[in-house]
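Open the model in your viewer and keep the selection tool at hand. The tour goes from one stop to the next.

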Amino acid sequence: MKESRRRFSATEYAARQQGTREAMLAKGLDLLIVSDPSNMCWLTGFDGWSFYVHQCVVIGSQGELFWYGRGIDAATAYLTTDLPHADVVSYPDDYVQSPDIHPMEYLADILKQRKLHNGTIGLEKDNYYFSGRALESLYRTLPDATFSDATVLVNWQRAIKSEQEIAYMRGAGKVIESVYQRIMDVAKPGMRKNELAAEILHAGTTGTPEFYGDYTAIVPLMGMGDEASACHMTWDGSRLDSNDGMFLELAGAHARYHCPVSRTLYFGEPPAKYRDIEKVILEGIEVTLEQCKPGNTCGEVAKTFFDLLRKYGYEKDNRCGYSIGMSYPPDWGERTMSWRNHDTTVLQEGMCFHFMPGIWFEDWGFEMTESLTITPQGGECLSNVPRKLLVK
């Protein structure tokens, strides 16, 4: 691994691999094909914008470990992992997006050569980066294997963050602080939304003198007026309006670790409905952060927030939080824990969440969110963006 690209010690990577192997043994897996780039990076350090083609890390319960991907991406593996060259295995470019041959067919031949083709193999079946054709190819070319769904096996190993991981997330928190400072400096009525998006992207990439800004797994989300009722809108070329509000769902990223923070921005004097929901969400954040302690469950944390909303006559029919950490497009969540009433996952110190008390109405919306880590004293926020309705 190139030292400038080393984000964690060899010891930490080895511990992650060993924990994954223990989880594989508990699930009866001999081999695991890891295609989620976040999981690939977490296990080995592999980091490149190559997830648009088929690639994976193959890990065995008894010590096997190799990267597999497109030939021209092998150099990335040499630069970002400690894998020996013999364990950087690539396929010819003829396999890229071919209607006739598939990279998983080539991988099957590699597994046969390494005598890894006839055990129980785990696959990340419900994953953005693993296709139906990839699945069919493996089933067809490895008839002696037994396949098992291991979609979030590695994701769950990532749930409790190390000190270095949390440090990177705090760095991302500093990046998002600088982004919001830039927004407050430049945003104004009449500005085109794409111009504001450009300022956000520039500030998010520039970061701070101490923490560079990495690309985020989700582009800036923003909606103004009635578009604020749709929580996943992006920008267009229309102009920001006076006497109207907009949500901003953004994140800072550093070393692939994310710190999402959403705020609502209003141009002019906010009407009563904005101030009313601001008070409720502020109170909800405070009481919920108090519950973010080891031993409580995700469901108990969610109930605290949902109960407070109902007390004031509001309803939210979607989750109010989810696990975060390292991620790649198209999502900065870890796809494991969610703050819903029925999630019985027990919180542990070092887990990290995006607390998402966004609420959307028929023709407007309001977001004010925090990223946090679980501590014995409660949820500790990873950034210090002013927690209030932003007004210009």
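Select glycine 28. This glycine follows α1, and its phi is positive, near 75°. The model is predicted, so treat each stop as a prediction.

Step back to helix α1, residues 10–26. How far apart are its end C-alpha atoms? They are 25 Å apart. At 1.5 Å a residue, the 17 residues should span 24 Å, so the two values agree.

Now colour the buried residues of α1. They are Glu12, Tyr13, Arg16, Gln17, Gly19, Thr20, Arg21, Ala23 and Met24. An α-helix has 3.6 residues a turn, so residues three or four places apart point the same way. With that in mind, look at Tyr13, Arg16 and Gln17, which are among the buried residues of α1.

Next, select serine 148. This serine is in strand β6, residues 146–149. Is serine 148 buried or exposed? Its relative accessible area is 19%, and the cut-off for buried is under 20%, so serine 148 counts as buried.

Show the contacts of serine 148, leaving aside neighbours within four places in sequence. Lys27 and Leu29 are among them. Look for it in the loop between α6 (153–157) and α7 (163–186). At 4% relative accessibility, alanine 159 is buried. Which residues does alanine 159 touch, not counting those up to four places away in sequence? Select Glu334, Met337, Gly350, Met351 and Cys352.

Draw a distance from alanine 159 to serine 178. The two are 19 residues apart in sequence. In space, C-alpha to C-alpha, they are 27 Å apart.

Zoom out to the whole protein. The secondary structure comes to ten helices and 17 strands. The radius of gyration is 22 Å, close to the 21 Å that the globule rule gives for 392 residues, so the protein is as compact as a globular protein of that length. Along the principal axes, the C-alpha atoms fill a box of roughly 70 × 45 × 40 Å.

Colour by burial: 58% of the 392 residues count as buried. Among contacts with a separation of 6 or more, 70% join residues 24 or more positions apart.

Then show the charges. There are 39 positive and 53 negative side chains. The centres of the two sets lie 2 Å apart.

Note on methods:
Residues are numbered from 1 along each chain as its sequence is written. This is a predicted model: local features need pLDDT of at least 70, side-chain atom pairs count only at pLDDT 80 or more; totals for chains, interfaces and linings use all residues. Side-chain values use heavy atoms; hydrogens and water are left out. Helices (H or I, at least four residues) and strands (E, at least two) are DSSP runs, numbered from the N terminus. The expected span of a helix is 1.5 Å times one less than its number of residues. Buried means under 20% relative accessible area, exposed over 50%, partly exposed in between (1.4 Å probe, protein chains only). The radius of gyration is taken over C-alpha atoms; the globule rule is 2.2 Å times the number of residues to the power 0.38. Contact means heavy atoms within 4.5 Å. Lys and Arg count as positive and Asp and Glu as negative; His and the chain ends are not counted. The place of a charge is taken as NZ of Lys, CZ of Arg, CG of Asp or CD of Glu.
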